[in-house]
Amino acid sequence: MKTIYKLLLPLFSIIILVGCSDDDNMQELTGEGIVKLSFDNAVGSDDLLLGSSGYTNSQNEVLTITRLNYIVSNFTLTNDKGEKFTYPKDDSYFVTSEETGETEISLTNIPAGRYVSVTFGIGVDQEKYLQGAEGQGTFLAKAEATNMMWAWQAGYKFLNFEGTFTSQSVTEPTNFKVHMGSHGSSLDNYKEVTLNLGTEALVSDEMTPIIHLVADANAILDGANKLSLSEQAVIMVSEEKSPKVAANVSGMFTVDHVHNGTGDTH
Amino acid sequence: MKFLYSILMLGVFMSCSNDDEYASFAENEQLAFTVPKNFPEMVYDIESNPPTKFGFELGKKLFYDGKLSSNGFISCGFCHEQRFAFTHHGHQFSHGVNDLSGTRNTPSVANMAFLNEFSWDGATSHLDLFPIIPITNEVEMGETMTGVMTKIQADREYQRAFEAAFEEGGVSTENFLKALSQFMVMMISSNSKYDKYIRGEDGVQFTEKEAYGLDVFNEKCASCHATDLFTDSSFRNNGLPPNPSLNDLGRAEVSGKASDNYKFKVPSLRNVALTAPYMHDGRFGSLESVLNFYTRGMVDSPTLDETLRNGEELGIPLDDEEKEGLLAFLQTLTDDTFINDKRFSEY
């Protein structure tokens, strides 16, 4: 038995080496494949650990995060020739949730190619919402199960960010809740971002790239717009603050790195 | 004892055979839907969810089923009673599970296919998604959508009804909401005396008082209660003094805009003689009180609707004769065909 392993090991090494040299040869990419997007939630330069020790933001507020869920949607991939592939809209809505560990999504049947950028939305666009029952399909149930249904308005929380905080003026740990979504027909908070991948993501019958995105939770309140929890710890429907949260959230994503290969390894 | 058992078994068999009467999807058929001649264009996208015989029947079954609530007793029809044009008569506020009471007055369900905003504050702008609001509201039906679907998925009769009504998906949230919409889309109130008069049907004539009331209405009320739906679907602050114990901000609760404070959706006036109490908080028990309020009950505030400012005065000036005319006219909006239509009735 042991000898088989001994024989197999060099064999595997050869396969891996061949795989690597293939990349260098600009080989023809054919067929279609899967693109995985992994959302690595972070706080600043640190990994996000729910319920763990607090971190201090630039406004001197110390936050302990207990929930970070958000909806990502409407994925479009652009290849090195500038051609865009838009993922089928009906299948293009996902909840990512730190607490359930659902932070990786798979886009299937992607035409082979060398992809250089990804575009996606945060939340649910009005067009989708106004398709009624037909448009929501099974996504409503998914949203309810992950605390992303905004039931009082029969809509969606695009972002559900919760925890406790202290500050100079709020010395006892106090709950904070930041729920952001569109405000009925009154205010559309859906935003889209386009991110360059840095490395080409190679897709073919055999190649499944994993795009690692970092989502910096600090940016939600401490991004381009500064929002103080000491001033308001529950931000839900605010004409002034929720668009600021939406803008911050759309700025919290960066592409960290891309793995090209079979898609099994991170 | 044996005899009793036989009767019980007979009951079981009978209910089984009832199940078998559920037709298959192949026997389903589309229902005719006609836009009344005097109505504006329909808002609802009927192509994406055309009402069918079995879809409508399923929607009706759901509408009257207490299973949609956490305690099993509060159905949609509990607060939306047909004989009061699908409002909750005698209740200022709707009350729901656990004897909890809401803060708003049940609006009528009629002509929903023609409206683009739902609930007093326009929390949703799609009819399909509206039922989520009362189902999940803890003072109304106090359920979750997942909870409702679990109960319905376990029910054999519902399984069959969903299969018969929808080609795909069976018992799903999507089909659940579609069925409820099909029922509501068919609930059209367009056969009041007013409708027949305006369409010139059956030789219906207005009395002198009713005709005078219509003139007054067109001059003083129709800018908001517009079209033959009697609403322009806008949100307005009509100068109602806020109830300090509730301080319901209305549209601002949805939009987050201070400029929307105390604005509520202009309600349709169809069947208004049947839908007391009035206003979003049901504070007025009679139409007389409503008219008195409009003539001299308003309070000023930064968001008061501009159309209700009348120089230095607030409100809509109405003399007694005009009020009488209006009251007579408003009675003509009662649609007996609608409130007695067996298609919509619980039993």
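Visitor: At what angle do helix 9 and helix 12 of chain B pack, and how far apart are their axes?

Guide: In this predicted model, helix 9 (residues 208-220) of chain B and helix 12 (residues 320-331) of chain B pack at an angle of about 105 degrees, and their axes are 7 Å apart.

Visitor: Why is helix 9 of chain B called roughly perpendicular to helix 12 of chain B?

Guide: The angle is about 105 degrees. Angles of 65 to 115 degrees count as roughly perpendicular, and therefore helix 9 of chain B is described in that way relative to helix 12 of chain B.

Visitor: Which residues make the contact?

Guide: Helix 9 of chain B contributes residues including B:Tyr212, B:Leu214 and B:Phe217, while B:Leu326 and B:Phe329 are among those from helix 12 of chain B. By class, the contact has seven nonpolar, two polar and four charged residues. B:Gly213 and B:Gly325 take part in the contact; Gly counts as polar.

Visitor: What makes up the side of chain B that touches chain A?

Guide: There, 30 residues of chain B are in contact with 26 residues of chain A. Helix 7 of chain B supplies the largest share of this side of chain B, five residues. By class, the side has nine nonpolar, 15 polar and six charged residues.

Visitor: How confident is the predictor in chain A?

Guide: The average pLDDT of chain A is 91, and 89% of the residues score at least 70. Over residues 13-24 of chain A, however, the pLDDT is below 50.

How values were computed:
Residues numbered from 1 in each chain as written. Chains lettered and ligands numbered in written order. Predicted model: local features only at pLDDT ≥ 70, side-chain atom pairs only at ≥ 80, totals over all residues. Axes fitted to C-alpha atoms, helices over the stretch in contact; angles between N-to-C directions. Helix = DSSP H or I, 4+ residues; strand = E, 2+ residues; numbered from the N terminus. Parallel < 35°, antiparallel > 145°, perpendicular 65-115°, else oblique. Contact = placed C-beta atoms within 7 Å. pLDDT = per-residue confidence, 0-100.
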